[in-house]
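This report describes selected features of one protein model and its ligand. Please keep the sequence and the structure in view while reading.

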Amino acid sequence: MTILHNTPTADLQALDAAHHLHPFTHGAELAQKGARVITRAKGVTLTDSDGKELLDGMAGLWCCNIGYGREELAEAARAQMLELPYYNTFFQTTHPPAIALARKLAELAPGDLDHVFFSTGGSDANDTNIRLARHYWALKGKPEKTVFISRHNAYHGSTVGAASLGGMAAMHEQGGIPIPDIEYIGQPNWWAEGGEMSPEEFGLMRARELEAKIEELGEDRVAAFIAEPVQGAGGVIVPPASYWPEIQRICDAHEILLIADEVITGFGRTGNWFGSETWGIRPDIMTIAKGLSSGYAPIGGSIVSREVADVISKGGEFYHGYTYSAHPVSAAVALENLRIMEEERIIERVREDTGPYLARKWATLTEHPLVGEAVISGMMASVALTPDKASRAAFRAGAGTAGLICRDFCFEEGLVMRHVGDRMIIAPPLVISREEIDTLIARALAAFDRTQARLEAEGLMEPA
Ligand code: PXG
């Protein structure tokens with residue numbers, strides 16, 4: 001069957017419900033309501049099958065950093081498909097796009113991160129990290145260093161390994177995970193969990209849970225600590241300034257690897273090439289995906305330090321790889337994406353102009369009666385909806401009720417904004433202009449007003 005153009009929305013929805021199992025979707029609800037069908041996009045604007053335009057406040061799924069509709073990326077894919085549409089990088093072979101992209105990433109990545117193991121996305125890159133880190137320690141004569149320490153409410157992907165690394169309770173209830181030897185500490189979510197502490201005290205307290213966990217397990221058992229510089233899917237939890245320096249100190253003091261999962265924070269999202277630079281982190285391994293190709297083609301990877309690469313390279317064969325590791329078309333698209341980001345100084349614009357502009361506007365959202373904290377790092381931001389700002393209360397109706405209502409009003413107002421429980425989050429394309437930021441804020445405020453009216457009308461403004 002060819003692609004369904006000009007098919008009525010209801011027919012598309014019926015066919016979709018009949019044959020398509022969706023990620024992170026309640027199937028029966030979807031069949032009843034029908035999926036939103038997105039058909040086109042340009043810049044920061046999506047168009048659905050009814051012709052409705054939406055400002056994409058989420059850059060797809062945190063990935064379309066460069067914005068939609070860049071012909072250069074299509075041309076790069078076309079040229080590469082004609083020249084060499086596929087070849088692998090197994091068994092001592094390689095190809096020019098893989099070589100060029102690995103070199104480019106080595107140049108962009110901070111510190112001595114200078115070798116890349118390619119994957120097709122973030123989940124499989126994190127699975128690579130599990131095997132890679134354990135193999136690294138085994139090669140160094142410490143095979144008992146197998147435990148990964150992660151954080152509650154972290155998201156590291158959906159494969160068995162990555163979902164085990166993640167700290168999402170609902171995910172752990174399905175499919176027999178987590179795998180053994182994964183431990184969790186608390187997240188630095190001051191708004192929800194900080195109680196009477198100042199954000200700085202709370203950040204230190206949460207970081208020191210890592211040291212306590214290492215001491216409880218014994219340093220000789222711990223392979224690595226993994227964390228997102230800023231938690232994304234968990235609700236854009238921006239850590240207190242005290243958090244990362246203390247985590248770095250603890251990782252330096254103990255012999256463990258630090259893995260920064262930069263799948264969301266990489267490639268400009270926080271106003272630098274990598275969130276590790278913004279937050280002063282010196283990782284041994286960095287997970288990348290999403291913004292690497294701006295989502296135009298699937299590609300991800302693990303960038304590792306020279307030390308890790310040396311040990312792995314000298315340790316014989318690493319029995320690990322994906323058919324599409326360093327896929328030539330994806331690699332060519334990623335290279336073109338990075339070229340444009342550099343030449344058009346997109347990240348500098350986020351850091352110096354549009355990021356600070358969004359930050360000023362975002363901060364004003366706390367003037368709205370429903371909005372508690374408003375936090376931001378570069379171009380990823382969240383607000384906490386609350387029935388009572390002073391006590392930072394949650395809603396008695398249960399997490400997600402207010403958020404879902406607000407999300408639906410956002411759509412009606414022409415804005416894609418996600419809700420995580422009762423946090424509303426954005427991560428727009430990095431190319432968003434000041435004018436478009438004004439539109440985003442105006443639509444968000446309109447949605448907050450309507451949400452408040454609905455919550456009041458339905459008696460849902462009660463604190464828990
Ligand atoms: N690590 C992090 C930090 C992520 O955010 C992954 C790994 C997995 O990447 P792949 O490419 O395998 O999906 C992610 C993905 C959401 C949402 O609803 C977030 C992600 C994916 C889908 C939905 O916020 N992040």
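## Terms and model

Helices and strands are DSSP runs, numbered from the N terminus; a helix here has at least four residues and a strand at least two. The structure discussed below is a predicted model.

The phi angle of phenylalanine 91 is near 45 degrees, which is a positive value in a residue other than glycine.

## The surroundings of the ligand

The ligand is surrounded by 16 residues, and the closest are Trp62, Gly122, Ser123, Asp261 and Arg418. Sorted by class, this shell consists of six nonpolar, six polar and four charged residues. Helix H3 (59–62) and helix H6 (122–139) each contribute at least two residues to the shell. The largest contribution is that of H6, with three residues.

## Polar contacts and burial

In glycine 122, a backbone N or O atom is 2.8 Å from an oxygen atom of the ligand. In lysine 290, a polar side-chain atom lies 3.2 Å from a ligand nitrogen atom. In arginine 418, an N or O atom of the side chain is 2.7 Å from an oxygen atom of the ligand. The ligand taken alone exposes 540 Å², of which the protein buries 83%.

## The second largest pocket

The second largest pocket holds about 1000 Å³ of space. It is lined by 27 residues, and those closest to its centre are Thr89, Val116, Phe117, Phe318 and His320.

Which classes of residue make up the lining of this pocket? The lining divides into 16 nonpolar residues, ten polar residues and one charged residue. Helix H5 (96–108), strand S4 (113–119) and helix H13 (306–314) each supply at least two residues of the lining.

Terms used. Residues numbered from 1 in each chain as written. Predicted model: local features only at pLDDT ≥ 70, side-chain atom pairs only at ≥ 80, totals over all residues. Heavy atoms only, no water. Near = heavy atom within 4 Å. Polar contact = N/O pair within 3.5 Å; in protein donor to acceptor, adjacent residues only side chain to side chain. Areas by Shrake-Rupley, 256 points an atom, 1.4 Å probe, with all protein chains shown as cover. Nonpolar A, V, L, I, M, F, W, Y, C, P; charged D, E, K, R; others polar. 1 Å grid on protein atoms, 1.4 Å probe; cavity = no way out; pocket = protein on both sides within 12 Å on 5 of 7 lines; lining within 4 Å. Points joined across faces, edges and corners; volume = space filled by probe spheres on them.
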